[in-house]
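Here is a short report on one protein model.

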Amino acid sequence: MTKPRIGVLTSGGDCPGLNAVLRGVVLAAEKLGWEVLGFLDGFEGLLPPGNYKLLGRRETAGIMPRGGTIIGTTNRGHFVAKVGAGDRAEVAEKVIADARRVLQELRVDGLIIIGGDGSMATALQLQAAGINCIGVPKTIDNDLEATAMTFGFDSAVATVMDALDRLHTTATSHKRVMVLEVMGRHAGWIALHGGLAGGAHIILIPEIPFDYDKIAAALNARAERGSLSAIVVVAEGARAKDGQVVMRPMEEGEYRLGGIGEIVAREIAARTGKETRCTVLGHLQRGGAPTTLDRILGTRFGVQAVKLIAEKQFGSMVSYQNYQVQHVPIADAVNRLRLVSPQSQMVQTARAVEISFGD
Ligand code: F6P
């Protein structure tokens, strides 16, 4: 007897915890007597003749601690449905029709799409074209409105914290200001959480435009209290009150952010006379083993995605709300970024422990 089949793919930037989701999907599906096809390199694996591998117990054994994704990913290619903050692009009809035919020929009844905002925009189009989709929210940026948390975020924050622990010792030895630029696109979650956990003195996030003179004043006040070193965390999407977000030239796909760290370091040195250095943490935040939380969240998301297919709740995205894994319409997740509220308790807590936001 032929077994029911489902498909799974990982799309967009990778992050720690993707393999935990894949393992959760495979084990939960096997329990129901289903087969799982893992499509390779994101949505591209759906193109004719179909590029996939059968994922079973053996293929997913021992993958939980591994970073990245065993089935590959891309944020480029034929299925890019989003090019920037809020900018939508349509996936070509022929591309969608080709993918639908491949899935039909392979007898895939439901497709689990593990991705961020852009991948959910693509999922929405596939669903509208009659492909049964379930979304699983992933991104280190933690910026999806429809879920209280994405997996990958906690691991990225842990990497930022580790980097800050290391920067503290060299900063103190040299009495320097150390600036750390972190990822997060248009949201400051990684900078805020990582900066708080890593004992930063100044945190600059996109949601609170900063003033260089205020940063200099905070550093000078610190020096007057006898602390000659300082740690500054800058989100890649942060900008000065009268400045712009620093972008790299657009390549295929989305705009790339980055470069603000060096500018902040230069301005601090010019205004305070302090020796200042910048480190860009970059893709280290996306690599390596997932934290406990991301392994557990990833597993829960994978299991829930299979349950949603069993219940035929197509067009839904797994969502984490009030400590429970639930689901919402994929449409609720697209183009609705969750940003840090400047009035939030986290920001107030940071201010209470003398962290300046440069405002
Ligand atoms: O969305 C995740 C993310 O890591 C962002 O924080 C960052 O701006 C972007 O992806 C980097 O993308 P790429 O891997 O294409 O350089």
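Buried means under 20% relative accessible area, exposed means over 50%, and partly exposed is in between, computed with a 1.4 Å probe on protein chains only. The model is predicted: local features need pLDDT of at least 70, side-chain atom pairs count only at pLDDT 80 or more, and totals for chains, interfaces and linings use all residues. Residues are numbered from 1 along each chain as its sequence is written, and side-chain values use heavy atoms, with hydrogens and water left out.

**Aromatic pairs**

Rings of Phe, Tyr and Trp (its six-membered ring) pair if their centres lie within 6.5 Å; planes under 30 degrees apart are stacked, over 60 edge-to-face, and the rest tilted. The protein has 4 aromatic pairs by this rule. Two of them are tabulated here.

| Pair | Centre to centre | Angle between planes | Geometry |
|---|---|---|---|
| F151 and F301 | 6.1 Å | 75° | edge-to-face |
| F210 and Y212 | 5.2 Å | 75° | edge-to-face |

F151 belongs to the loop between β7 (133-137) and α5 (153-174), and F301 to helix α9, so their pair ties together parts 150 residues apart in sequence. Helices (H or I, at least four residues) and strands (E, at least two) are DSSP runs, numbered from the N terminus. F151 is buried, with a relative accessible area of 0%. F301 is buried, also with 0%. In the second pair, F210 is buried at 1%, and Y212 counts as buried at 14%.

A charge is also placed on a ring. The charged end of R338 sits over the ring of W189, 4.5 Å from its centre. The rule here asks for NZ of Lys or CZ of Arg within 6 Å of the ring centre and within 35 degrees of the ring normal.

**The parallel sheet**

In what order do the 4 strands of the open sheet lie? The order is β9-β10-β8-β13, with parallel pairing. Two strands pair if DSSP finds at least two bridges between them. The edges are β9 (202-204) and β13 (276-280), each pairing on one side only. From one strand to the next, the twist averages 15°. Axes are lines fitted to C-alpha atoms, for helices over the stretch in contact, and angles run from 0 to 180 degrees between N-to-C directions.

Strand β8 (residues 177-182) is joined to strand β10 (residues 230-235) by 6 bridges, and the two run parallel. E181 has V234 in β10 as its bridge partner.

Two helices go with these strands. Helix α6 (residues 189-197) packs on the sheet and touches β8, β9 and β10; its direction makes about 170° with that of β9. Helix α7 (residues 212-224) lies across β8, β9 and β10, at about 165° to β9. Contact means heavy atoms within 4.5 Å.

**A loop residue**

Is L284 buried or exposed? At 57% relative accessibility, L284 counts as exposed. L284 lies in the loop between β13 and α9 (292-310). Its C-alpha atom is 9.9 Å from that of M183, 101 residues apart along the chain.

**The whole protein**

The secondary structure comes to 10 helices and 15 strands. Buried residues make up 53% of the 359 residues. Among contacts with a separation of 6 or more, 74% join residues 24 or more positions apart. The C-alpha trace spans about 75 × 35 × 30 Å along its principal axes.
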